[in-house]
Structures are given as structure tokens and as C-alpha cells.
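I opened this one to look at a pocket first, then strands and cores. Here are my notes, in the order I made them.

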Amino acid sequence: GKVYTFGPTFRAEKSKTRRHLTEFWMIEPEMAWADLDDDMELAENFLTFIVQRVLENRRPELEILERDISKLENVKAPFPRISYDEGVKILKEAGKDFQWGDDFGGEDETIISDKFDCPVMVHRYPAAIKAFYMKRDPENEKLALAVDVLAPEGYGEIIGGSQREDDY
């Protein structure tokens, strides 16, 4: 029911932004019989565990790098969970000309994450901008049961996940 892979990942597409690495190590968990809430809980627990272990075991290195540790200490469950619609509302309130149905760009993610002092989960995106295998929300077929975790400090999306289509 629960498996994961951990290995090198290589992007084929050309990308010259600070948000997209060409090569990195990625953990990909797969969970059978899991719904969107299970996916969000796993992401939250995973990030919280990693950050707490870094603080416990690598504080001297963080101090050498002059890292503001107080920001890492804010990474505790539960993370705020907002819908895509709420994210659009945040953008409009910030004066962005954003149309419902568009995907969030890097600047949009920064505006949304700046409203929080810890990672924030944005869920239930328009299905048209998500992958075909993401399950549709039974309460609104226009939405996919998908989630992106946005890191604070303008780092953008660090986790993307979804409930997979299971009813063909």
C-alpha cells in the first residue's frame, strides 16, 4: 500500500529560472487507497520531520550560512490549507490581474506564500490545468483533487501531489 522511490531526477525541458533545477534528487511516495487529505497529511508530516531533523542535527551549519533559523522553526504542523479559489482571491486583493483557470506562476506563488509564515497548501485546482490522472472533485467536476505545497520566503512549489483517478 505504501512505496516510494528516491533517486536522481533530470528535467528535459529548458528552464532558466531560480525555481527549476535541471538535476536534483526527488522522493516520490505512492500510496494505494489514499485520498487528497491523506496526500496533504503525508506532505505536511514529511516536511515537518525533515526540517525538525535539520534543526536538531545541522544547526551549526545553518549558523555558518547565517540562515535565519526562526523561519525554519515555524515549519510545524498543521500547515494552512487554502483552495485554489482562495489563492485567486489573495492575488486579486494584491492587485494582480489574474484569471480563474490560469496556473499560478512564480510571482503568484510568492504573493500567496507571503501571506503565511510557514508552508501553505493550495488544493483543488482547475482540472484543465492538471494532469489527466488526477481525480476530479466529486462535488465540482471542474476541479482536480490536487495539491501544491508552497514554501515561504518566495521559494515556490516544493511538493505537488494529487489523489489519483481510481474509478474508470
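On a 1 Å grid over the protein atoms alone, I took a pocket as an open set of points where a 1.4 Å probe fits, with protein on both sides within 12 Å along at least five of seven lines; lining residues have an atom within 4 Å of a point. A volume is the space filled by probe spheres set on the points, which are joined across faces, edges and corners.

This is a predicted model, where local features need pLDDT of at least 70 and side-chain atom pairs 80 or more, while totals for chains, interfaces and linings use all residues. Residues are numbered from 1 along each chain, and side-chain values use heavy atoms, without hydrogens and water.

**Pocket.** I looked up the second largest pocket and found a volume of about 240 Å³. Its lining has 13 residues, with K2, P29, E30, M31 and L42 nearest the centre.

**Strand 4.** I checked residues 120-126 (strands are DSSP E runs of at least two residues). Strand 4 pairs (at least two DSSP bridges) with strand 3 in parallel over three bridges, and S83 stands opposite H123. With strand 6, strand 4 runs antiparallel over six bridges, and M121 faces V149.

**Core.** What has the most contacts inside the largest nonpolar core? I noted F104, I112 and V122, in a core of 17 residues (buried Ala, Val, Leu, Ile, Met, Phe, Trp, Tyr and Cys joined through side-chain atoms within 4.5 Å).

Note on methods. Buried < 20%, exposed > 50% of the residue type's maximum accessible area, 1.4 Å probe, protein only. Helix = DSSP H or I, 4+ residues; strand = E, 2+ residues; numbered from the N terminus.
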